[in-house]
Amino acid sequence: MSASIQFISHYGYIAIFALFALSGLGIPIPDEALLTFVGYLTSISMMNFLLADIICFIGALSAMIINYTLGRKIGKPFLLTHGKWVKLTPAKLERVEKWFDQYGPWTIVIANFIPGVRRLTSYFSGVSGMNLSKYILFAAIGSFLWCLLFNIIGYYIGVLPF
């Protein structure tokens, strides 16, 4: 986390975008802690709240779209061939696809608040063949709410007297 803080301190908004994009692609970065820190920086006027929130959102959404695209282009053939190594049989894959057909959009929104799961839902949204525009709409809603919530928490940590 301290490396992320130094990176943000040195490169500002560009670092925020890069960290959230890389995190969404699987690089282990503590997203929620980082969002909270960004919110704190806005409370002490080191960053603009709206701009920081938008940059966090764009970084997170960019990674989610890349994960969706990977799932859409290579996911299903890859899982049918190699899924047995992670106990994902064709029957289980079919159940996942049915789940996404029925509950996919709201699963994407809710999964943003569950670390690690947001990456999987992006990938499986692509694997299941969800329409891209529908995916982007619900991924954007979930990402926006997630970024906003943790930035607000960080902001209030900075302004509340403890």
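Is G39 buried or exposed in this predicted model? With a relative accessible area of 0%, G39 is buried, where buried stands for under 20% relative accessible area, exposed for over 50% and partly exposed for values in between (1.4 Å probe, protein chains only).

In this predicted model, local features need pLDDT of at least 70 and side-chain atom pairs count only at pLDDT 80 or more, whereas totals for chains, interfaces and linings use all residues. Residues are numbered from 1 along each chain as its sequence is written, and side-chain values use heavy atoms, with hydrogens and water left out.

**Figure 1. Overview of the helical protein.** The protein contains 7 helices and 0 strands, these elements being DSSP runs numbered from the N terminus (H or I, at least four residues, for helices; E, at least two, for strands). Read along the sequence, the order of elements is α-α-α-α-α-α-α, and the C-alpha trace spans about 55 × 30 × 25 Å along its principal axes. Of the 162 residues, 44% count as buried, while the protein exposes about 8900 Å², of which carbon and sulfur atoms supply 72%; accessible areas come from the Shrake-Rupley method with a 1.4 Å probe, and for residues only the protein chains shown count as cover. Among the contacts with a separation of 6 or more, 78% are accounted for by residues 24 or more positions apart, a contact being defined by heavy atoms within 4.5 Å.

**Figure 2. Close-up of helix 1 against helix 3.** Helix 1 (residues 2-11) packs with helix 3 (residues 31-43) at an angle of about 40 degrees, and their axes are 11 Å apart. That angle makes helix 1 oblique to helix 3, given that angles under 35 degrees count as roughly parallel, over 145 as roughly antiparallel, 65 to 115 as roughly perpendicular and the rest as oblique. The axes are lines fitted to C-alpha atoms, for helices over the stretch in contact, and the angles run from 0 to 180 degrees between N-to-C directions. Helix 1 passes helix 3 in a right-handed crossing; a crossing is right-handed if the near helix is turned clockwise from the far one by less than a right angle, and left-handed if anticlockwise. On the side of helix 1 the contact involves S4, I5 and I8, which meet L34, F37, V38 and L41 in helix 3. By class, this contact of helix 1 with helix 3 has 6 nonpolar, 1 polar and no charged residues, with Ala, Val, Leu, Ile, Met, Phe, Trp, Tyr, Cys and Pro taken as nonpolar, Asp, Glu, Lys and Arg as charged, and the others, Gly among them, as polar.

**Figure 3. Close-up of helix 4 against helix 5.** Helix 4 and helix 5 (residues 90-111) pack at an angle of about 160 degrees with their axes 12 Å apart, and the two helices are therefore roughly antiparallel to each other. The crossing in which helix 4 passes helix 5 is left-handed. From helix 4, M64, K76, L79 and L80 meet P90, L93, E97 and I108 of helix 5, and the residues of this contact divide into 6 nonpolar, no polar and 2 charged.

**Figure 4. Close-up of G39 and its surroundings.** G39 lies in helix 3, and, not counting residues up to four places away in sequence, G39 touches N151, G154 and Y155. The C-alpha atoms of G39 and C147 are separated by 9.4 Å, although the two residues lie 108 residues apart along the chain.

Figure 5. S23 is placed in helix 2 (residues 13-24) and counts as buried at 0% relative accessibility; leaving aside residues up to four places away in sequence, S23 touches I29, D31 and R119. S45, by contrast, is exposed, with a relative accessible area of 65%, and belongs to the loop between helix 3 and helix 4 (49-82). Although S45 is not a glycine, S45 has a positive phi of about 60 degrees. Most residues other than glycine have a negative phi.

Figure 6. T107 is found in helix 5 and counts as buried at 17% relative accessibility, and its contacts, not counting residues up to four places away in sequence, are with W99, F100 and T121. K98 also has its place in helix 5, but K98 is exposed, with a relative accessible area of 53%. The C-alpha atoms of K98 and S128, 30 residues apart along the chain, are separated by 8.1 Å.
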